[in-house]
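Dear colleague,

I am passing on the structure that follows, together with a short account of what I found in it. Please have the sequence open beside it as you read.

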Amino acid sequence: ARRYGCQLELVGRSPLPKNGEDVALAGVTETKALRQALIRLHPDWKPAEVEKQAAHLQSVREIRQTLAAIEAAGGRASYNALDVRDIEVFGAFIEDIYRRHGRLDGVIHGAGVVEDKLLRHKTPESFQRVFDTKVRGALMLYKLIRDDVRFVVFFSSVAGAFGNKGQVDYATANDVLDKIAHALQGRIKGRVLSVNWGPWAGTGMVSPELEREYARKGIGLIPLDEGVD
């Protein structure tokens, strides 16, 4: 946005509520304090419900902060709440971009979820959620983006190359993502890149527990600024 003043079409699963937050939650940013404030507001809620709502509030705040930062930097942004696993909805969204703008200059596909478990504890439904979030969206992009797109970037993972304990689904999805990128490079004129990321620090999918496990194994995390560069 700062360099090019471009139009960004952002996609995420989190719906953006039309109404603002409860005044009792205003200014409460730390996760533990946010949970406590929600419990005071909703004493009948179960812990799982409190945790889910706290995560949702933090997600909504992050989206709004991102949209404000893009506009402050001179860009324009539209946030679209949809699930890339729903190929009909996602496909219609891609086609709508072409209708509204006449072109699609570049694509960054960063969707992903992890539900790490050993294979003997993994359900088919869980495997499907992890796999489809990466792969179904990428296949729709492969099918629908036009040949004049200038770049396509897939956020893959080092787990797709080397595997990782408890990530048979995630490793599989990222390996397929790499292969879709390879096939797409043979079809379009622009650059295609599938980045086999390692774990990021302070953002993304690395929980505090996973960060401690990486530290125990001597695996460093990618600092946010360096990762963006």
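Where is the place of Val28? In this model, which is a predicted one, Val28 sits in the loop between strand 1 (7–12) and helix 1 (31–41). Val28 counts as buried, because its relative accessible area of 17% falls under the 20% cut-off. If its neighbours within four places in sequence are left aside, the residues in contact with Val28 are Ala33, Leu34 and Arg61.

The other part I looked at is a sheet, an open one, in which 3 strands follow one another in the order 3-4-5 with parallel pairing. Strand 3 (106–109) and strand 5 (191–197) stand at its edges, and each has a single partner strand, so one side of each is left without a neighbour in the sheet. On average, neighbouring strands of this sheet are turned by 15° against each other, when direction is ignored.

Between strand 3 and strand 4 (residues 151–157), which run parallel, there are 4 bridges, and Val107 stands opposite Val152 in strand 4. Helix 4 (residues 124–144) lies across strand 3 and strand 4, and runs at about 165° to strand 3. Helix 6 (residues 168–185), for its part, packs on the sheet and touches strand 3, strand 4 and strand 5, while its direction makes about 160° with that of strand 4.

Conventions:
Residues are numbered from 1 along each chain as its sequence is written. This is a predicted model: local features need pLDDT of at least 70, side-chain atom pairs count only at pLDDT 80 or more; totals for chains, interfaces and linings use all residues. Side-chain values use heavy atoms; hydrogens and water are left out. Two strands pair if DSSP finds at least two bridges between them. Helices (H or I, at least four residues) and strands (E, at least two) are DSSP runs, numbered from the N terminus. Axes are lines fitted to C-alpha atoms, for helices over the stretch in contact, and angles run from 0 to 180 degrees between N-to-C directions. Contact means heavy atoms within 4.5 Å. Buried means under 20% relative accessible area, exposed over 50%, partly exposed in between (1.4 Å probe, protein chains only).
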